[in-house]
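Subject: Structure for you to look at

Hello,

I am passing on a structure that is new to you. Please have it open while you read the notes below it.

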Amino acid sequence: MSLIYITGGARSGKSALAEQLAAPFGERVLYIATARAFDEEMRARIQKHRARRPEAWGLYEGVDGFSQALAIAPGLSGEERASGAGAEGAVAGTARYDCALLDCVPNLVTNLMMDSGHDWEHPGNASVQEMEARAMAALVELIDCARARSITVILVSGEVGMGLVPVYPFGRAFRDVLGQVNQRLAALSDEAFAVFRAYRSGSRANPAARAFAFPPSPPL
């Protein structure tokens, strides 16, 4: 089992790198999607990701329950699929995975914060620390379950502390939670990569990542 952590700025190529690192595992990949389609823009982003990744990969949509996703049996009945909570908890794909790719940690943190019921107009340290603990609990569940099954985990995150300080309280709380989670995930990882403008730097770098070639950008 290997834990690979990838971070970088928006549109830097993080997801593309993660997908290429997962490609050698063939069909035995579980894609964990943490985004929610709140509006048309997000729906378009989700559809773009769906169109790019292999159809044969398994799919789990949610921000927790990852141990169940990794252990799911093939050929789910309609009743079994309905046991999940709405769209989240829905699982599709093969029963035995060799790789789990979670994209992305920032969306996981955002959705946990929005589900928490906290007053993010007036966030306190206790709320921030609780969200950090909840996010790490969900991710450690995934890591521990994958380690028990010798499954490689690829986590896609994002950098939020290299620009302007957010002007609204939720944004500042989100930045603090994600920053702490990123530090802890990087420390846990076997391989860590930072991607900027389609270039990556890494520690304990995977040979597959050293050979990584980004697809050409579409014409403007």
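Predicted model: local features only at pLDDT ≥ 70, side-chain atom pairs only at ≥ 80, totals over all residues.

Helix pair. Two packed helices are described by the angle between their axes and the distance between the axes. For helix α6 (residues 125-148) and helix α7 (residues 169-188), the axes come within 9 Å and cross at roughly 35°. The crossing of α6 and α7 is right-handed. On the α6 side, the contact is made by Val128, Met131, Glu132, Ala135, Met136, Leu139 and Ile143. On the α7 side, the residues include Ala173, Asp176, Val177, Gln180 and Arg184. Sorted by class, the contact of α6 with α7 has 11 nonpolar, 1 polar and 3 charged residues.

Aromatic pairs. A search of the whole structure finds 2 of them. Tyr60 and Phe66 form an edge-to-face pair, at 6.0 Å centre to centre and with 75° between the planes. Both Tyr60 and Phe66 are buried. Trp120 and Phe170 also pair edge-to-face, at 6.1 Å centre to centre and with 85° between the planes. Trp120 lies in the loop between α5 (105-115) and α6, while Phe170 is in helix α7, so this pair ties together parts that are 50 residues apart in sequence. Trp120 is buried, with a relative accessible area of 8%, whereas Phe170 is partly exposed, at 21%.

Charge over a ring. Arg53 lies over the face of Tyr31, at 3.9 Å from the ring centre.

Regards

Terms used
Residues numbered from 1 in each chain as written. Heavy atoms only, no water. Axes fitted to C-alpha atoms, helices over the stretch in contact; angles between N-to-C directions. Helix = DSSP H or I, 4+ residues; strand = E, 2+ residues; numbered from the N terminus. Left-handed = near helix turned anticlockwise from the far one by under 90°. Contact = heavy atoms within 4.5 Å. Nonpolar A, V, L, I, M, F, W, Y, C, P; charged D, E, K, R; others polar. Phe/Tyr/Trp six-rings, centres within 6.5 Å; stacked < 30°, edge-to-face > 60°. Buried < 20%, exposed > 50% of the residue type's maximum accessible area, 1.4 Å probe, protein only. Lys NZ or Arg CZ within 6 Å of the ring centre and 35° of its normal.
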